[in-house]
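In these entries I record what I looked up about side chains and aromatic rings.

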Amino acid sequence: MADQHESVSLSPPQADRATAAGHSWFPGPPPPMYSCTLTPELVAKAREELQEKPEWRLRDVQALRDMILKEHPNLRTRLDDAFLLRFLRARKFDYDRALQLLLNYHAGRKTWPEVFQDLKPSTVKHVLDLGFLTVLPRPDPNGRYILFLRPGKWKPNDYPFVDNVRALYLTLEKLIQPEETQVNGLVILADYTGVGMSQASNPGPFLAKKIVSILQDGFPIRIKAVNIINEPRIFKGIFAIIKPFLKEKMAERYVLHGSDLRSLHRNIPPSVLPEEYGGTAGRLDMSAWSRLLLDCEEDFVVEFCQPDPLEGVVLPDSMLCEGEQAGGREEDGFRAINGVRFIVAWRGFGSSPQEEREPPQPRSDWLTQD
């Protein structure tokens, strides 16, 4: 089947530019020819929490690759091992749910062009310079990096809110590259100091729904906790807009601390927090993450700034990410995409050439909870 498709370079970057540029505090992605970079402790954690068996890992990747090529032969996507593993881990190695997540991931790019067109760090430098978001340099005791947001830094007259979403998406793309993040997940810390009615009312329910849909059902990352600090009284109104779109499990992961640093420290220890939040990890540096992203400009150009193979094609509303139904997967509204001609990557890219895989057998130990 593979030789029937036109081959294009959809491979990951050949080197980790962030590490090469001296950003050694943040781990790099797996090598282009996949080799597991997890420590023995994380291998054990992945086995226990994600149902990932090292001896089955590449067989599971091949099974997902075969499903893509059989069920969606015209889907333009990376097919290398490291990329597909992100989706398997995010859905605990359930092939069907991992495939649906991959389809949602690509559908989001098509249905929200304001975010994904010409998406690269230099186009959101103004967001990064403003200090809207960063990633704290030290992971928490569970190995989870902390995505730090300051919504109050943005004012509606500064630039369109969608630019914040663009910067957030680029940050998530970089965060998910290391296998450590794929296994450990991510923690969000949001400081709502300075948030008023103008910021709270700007995104609106429609935009809030699209953001939540991408984070919950359209991106291969596991958000383990959302800590809100210094939230104003109007936050109840903000959360009332967001909550209807949150799955119950995700809604339960929101923790509101007010101005109580002791409450925050019970969830995120002072050892990984900056001094401004009662921590011992030095002063808050918003520029380190900005430099890391900007130094990866070329990688993001390859990933997001190629000509759109679906330009001019109108996709149905069912392409929007609406989440998975309880107790199973939702109806596959993405099958309409098969009528469009995509260019597909070579079937076996990223696989060890010397390895001979057995035909994948169904897994009997899948869990359906994230």
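Entry 1. I located N164 in helix 8, which covers residues 162-175. The model I am reading is a predicted one.

Entry 2. I then looked up the surroundings of N164. Apart from neighbours within four places in sequence, N164 is in contact with V127, F132, W154 and Y159. With Y159 there is also a polar contact, side chain to side chain, at 2.7 Å.

Entry 3. I turned to the aromatic rings and found that the structure holds 14 aromatic pairs. I examined the pair of F26 and W289, whose ring centres are 5.3 Å apart and whose planes stand at 85°. Planes over 60 degrees apart count as edge-to-face, so this pair is edge-to-face.

Entry 4. F26 is in the loop between helix 1 (17-20) and helix 2 (40-50), whereas W289 is in helix 15 (residues 287-295). The pair therefore ties together parts that are 263 residues apart in sequence. F26 is buried at a relative accessible area of 2%, and W289 is buried as well, at 0%.

Entry 5. I recorded one aromatic cluster, formed by F83, F87, Y105, F116, Y169 and F219.

Entry 6. Lastly, I looked up which charged ends sit over the ring of W56. That of K53 lies 5.5 Å from the ring centre, and that of R59 lies 4.5 Å from the ring centre.

Definitions and conventions:
Residues are numbered from 1 along each chain as its sequence is written. This is a predicted model: local features need pLDDT of at least 70, side-chain atom pairs count only at pLDDT 80 or more; totals for chains, interfaces and linings use all residues. Side-chain values use heavy atoms; hydrogens and water are left out. Rings of Phe, Tyr and Trp (its six-membered ring) pair if their centres lie within 6.5 Å; planes under 30 degrees apart count as stacked, over 60 as edge-to-face and the rest as tilted. Helices (H or I, at least four residues) and strands (E, at least two) are DSSP runs, numbered from the N terminus. Buried means under 20% relative accessible area, exposed over 50%, partly exposed in between (1.4 Å probe, protein chains only). A charge sits over a ring if NZ of Lys or CZ of Arg is within 6 Å of the ring centre and within 35 degrees of the ring normal. A polar contact is a pair of N or O atoms within 3.5 Å; within protein, one must be able to donate a hydrogen and the other to accept it, and residues adjacent in sequence count only if both atoms are side-chain atoms. Contact means heavy atoms within 4.5 Å.
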